[in-house]
Amino acid sequence: MPKCGALLFFVCYLVISPWVSAQQFGGTPFATKWRQIRSDTARIIFPEGLDAVAGRVAGLIQRAAKSRQLSLGNKVDQIDVVLQNLPVSTNGYVSLGPFRSEFYLTPSPNNFDPSGLSWPDQLTIHEYRHVQQFNNFNNGLSGVMKKLFGQEGYALAVNAAIPNWFFEGDAVYSETAFSPHGRGKLPYFLKAFPALWASDKNYSWMKLRNGSLKDYVPNHYDLGYLMVNYGVEKYGYDAWRHITKDASAYKGLFYPWQKAVKKHTGEKYTGFVHDAFEYYKGIYGTPTFAPVKGQKPLVPVNKKILTHYRFPFQLSDSSLLYQKSSNNQREAFYINSSGEEKILRVKDLSIDEHYSYRNGKIVYAAYENHPRWRWLGYSVIKILDINTGRQRSLQQKTRYFSPDISADGAFVVANKVSLKEVSTLVQLNADDGTIIKEIQNDSVAYFSIPKIKNDSTVISVVRKKDATTHIASINLRNGTIENITPPSKTIIGTIDLKDDRVYFTASRNLKDELFYVDINTKKIYTVATTGVGSYFINSDFGKLNWSAFTADGYQPYQADVATLDWQPVEWPAFTESSARFFSGAPPPRLAGTIENNFESKPYKKLTAPFNFHSWRPNYSDPEFSFTLYGNNILNTTQTEIYYLYNESDRTHTAGGALTYGGLFPFITLGSAYTFDRRSLAAKQIKNWDEWNSYIGVQIPLSWASRRTYKAFTLGSNYYYRSDFNKGPNADEFQALKFSYLAHGLSWSQQIQSTVQDIYPRLGYSTNLQFRHALQLYNSWQLYKGLNLYLPGIFRGQSLVLNGAIQYSGSRQRVFGNRIAYARGFAGRDSAGAYTARANYHFTLLYPDWGFANIFYLQRVRANAFYDHTVTFNKNNTQRTKLQSVGGEIFLDTKWWNQHPLTLGFRVGHLLNPQPQNSRKLFFEFILPTNLIPR
């Protein structure tokens, strides 16, 4: 990644800095009570009731900080870690601006992602590795940027010097090295590049780095682990410590990362990458998708649109049910009868890809969240009747995952995760969702993929707290658990139950293969399949269905169970995980027994409310500003203190703003004092200082439910301006004191977008604003706007209609214009205006091309537009019509392999030129709004 150089790097900071941080603000319920545990390496902040989890996280971080294995340096700065138990999604991050980390504690329903290791343990090892990275990359120019601009400046510097694939690849390598599992040992995680090689898709390095809207491209986690692991294999881990130290210091003028790799490996960067891929190709051999005898694909492969088929269920001898999604279609349930495909229903928004089917009923878990407290998520069971197409929810505000329904439709079983991060197996009444039975076991970390055998028995994949996994039979009557397979390090994926066989996917060598175990004899068998991994297994009507992972997506396969060449497997060969894809001598594991000797104390919500972390200059003609930014650790306060100089009127302004998001409404307030304003009035110079202040409340609601995202915002602000006349003519002018109220209301709703959608395929938003003066002036302004998103002729195209009306009352119009005029026309002073716009957006091509690791062109798209605006005076006696047509070209790009920017060019024709400007054609460049920080 190139170094910007002194001046260019400063410009980069002004342009790119809006992207370095954007986390959930004010998303935790006000009633949450927080506690803290402190050590010399971290402060763990957590909700009441999670003392044991917090203590283990603190101890594990302390152990990781003291370890000298795989060291990136000796610097240790204390980090604030916030444990979030309310989200139902699985995630974690470390941010700068401010320096903090958040752990989403709910484990993933997918056994393969991330692994069978205790989720808090794996999250701690992975995320604390990012802390160690940030602690030790504070060198040279990166350190200078931190001193000059604070944490956000430092974040930009290290992210410009060190590629994101190293950040994540090194963290995955660490979790693999320091734990019994880790994604670097899982074929599920490692399958991406072998799938490309099997399909002979040799993409350019820049395409692998930047991704594609057209093709399947592995992400920077997949790429990063392979590169880091190869570096260790070839040069030892110390090489990475030296490379990152030199790169973060920006040794050399350009391309510090590439130069550091060359210096410490002796290889050019391109040679290093080439050799790494050749190394892995040698390990994998030549994967193939050549058909295995008796196994056949169920649908033709779509070579144009990346398409996934998951969980193929046999409905009859000739009918198939599956879950399908693509780069231009939302995830939905389909029925394929004798080759004819019919959509059943678009799936509700979901973070759990699993679903089950039995006797005409589909059951799955959908995602919902609290409208105001965005951290508070839910996983709600949905039951869909495939015969009627009707769907219903099984209660609300639940945390259930991977449900299954009984053959008679009387009850449902699911995994439940409590707010104390305890997993239980629940049996629910399928009519009203009441809990019939709830089973908990102290040795079980997670009841995964439960399958109903009969009224009293459930088969489930059990993740143990000792990081082993096995298939077990759970008695619903007394809660006893009987092992079907022995606990092992081999991760077991999805399972299916047919008679006395449990079919499942598990690791075998470098591939996830299909297995079954006989419940009675406890014998295990496997069968070889095509491709690099087989998943989502199902058996019925004498057939076995699954999805093979390919570079064209998950593809459904089928075979007759009786004709498959099942081979017996000895248990030692299965339980000893053979999917070892790790270079270097494994260091001592960090996990294991950790004594909790930490004292827990209350944590006040308003601890360090300002917490200034970054400062940044900005120039937007004609204003130069310098702003100090602050956020508290719980992310409920945002603070700005700034100085602004206006070159046009040569004024200086000092001001500040504060937003508090810990209450149900946001509270905002701000004040700015401007010195030495001047104007000419009544042939005299008026000189004054101006003080502007405001206070307001806002209720921001946004939530996901069913198949749409919704947002509603209601707010009101009070503004006050006071002028202080000065100079020789001070007494000649009235002292101005002026206040007004501004009210706003907005509502939007849209369906989920796909990868190739330019705008939502269906959606709308409306906005209502009203401002009125309270003192001195008798003036008001009303604005109403509407945006409508409709599908185009072809998928991925959008028809966007915009309409707005604005009207100002009274003779004195003191409020600025808010309406968008027809493109090509300048705004004008008028009592009122209305405008209508029609836009048709469509993609021209996906170049997936770049150069020099600086610029990457992902998509070229166009827009044809027609604009119609009418302005009118107070009595509607004078009307002016403004109309224009034209086209726009947009380039969706990425810079330095990670920063997205959209640039455009507009050509238009004025249908009714104005007397003051007789031109008809106009040309304009379209710059992204995020070029302007904050």
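Here are a few questions and answers on a helix, some aromatic pairs and a hairpin in this predicted model. Local features need pLDDT of at least 70 and side-chain atom pairs count only at pLDDT 80 or more, while totals for chains, interfaces and linings use all residues. Residues are numbered from 1 along each chain as its sequence is written, and side-chain values use heavy atoms, with hydrogens and water left out.

Q: Which residues of helix α11 are buried?
A: Helices (H or I, at least four residues) and strands (E, at least two) are DSSP runs numbered from the N terminus, and α11 covers residues 256–265. Buried means under 20% relative accessible area, exposed over 50%, and partly exposed in between (1.4 Å probe, protein chains only). On that basis the buried ones are Pro256, Trp257, Gln258, Ala260, Val261 and Thr265.

Q: Which helices do the buried residues of α11 pack against?
A: Contact here means heavy atoms within 4.5 Å. The partners are α4 (140–161), α5 (164–177), α9 (220–235), α10 (238–248) and α12 (269–284).

Q: How are the rings of phenylalanine 166 and tryptophan 257 arranged, stacked, tilted or edge-to-face?
A: Rings of Phe, Tyr and Trp (its six-membered ring) pair if their centres lie within 6.5 Å; planes under 30 degrees apart count as stacked, over 60 as edge-to-face and the rest as tilted. A search of the whole structure turns up 67 aromatic pairs. One of the rings with a partner is phenylalanine 25, whose centre is 5.3 Å from that of phenylalanine 666 with the planes at 85°, so that pair is edge-to-face; both of these residues are buried. For phenylalanine 166 and tryptophan 257 the centres are 5.6 Å apart and the planes at 55°, so the pair is tilted.

Q: How many residues apart in sequence are the parts that phenylalanine 166 and tryptophan 257 tie together?
A: Tryptophan 257 is buried, at a relative accessible area of 0%, and phenylalanine 166 also counts as buried at 0%. Phenylalanine 166 lies in helix α5 and tryptophan 257 in helix α11, so the separation is 91 residues.

Q: In β20, which residue is the bridge partner of tyrosine 446?
A: Two strands pair if DSSP finds at least two bridges between them, and β19 (residues 444–454) runs antiparallel to β20 (residues 457–464) over seven bridges. The two strands form a hairpin with two residues between them. The partner of tyrosine 446 is arginine 463.
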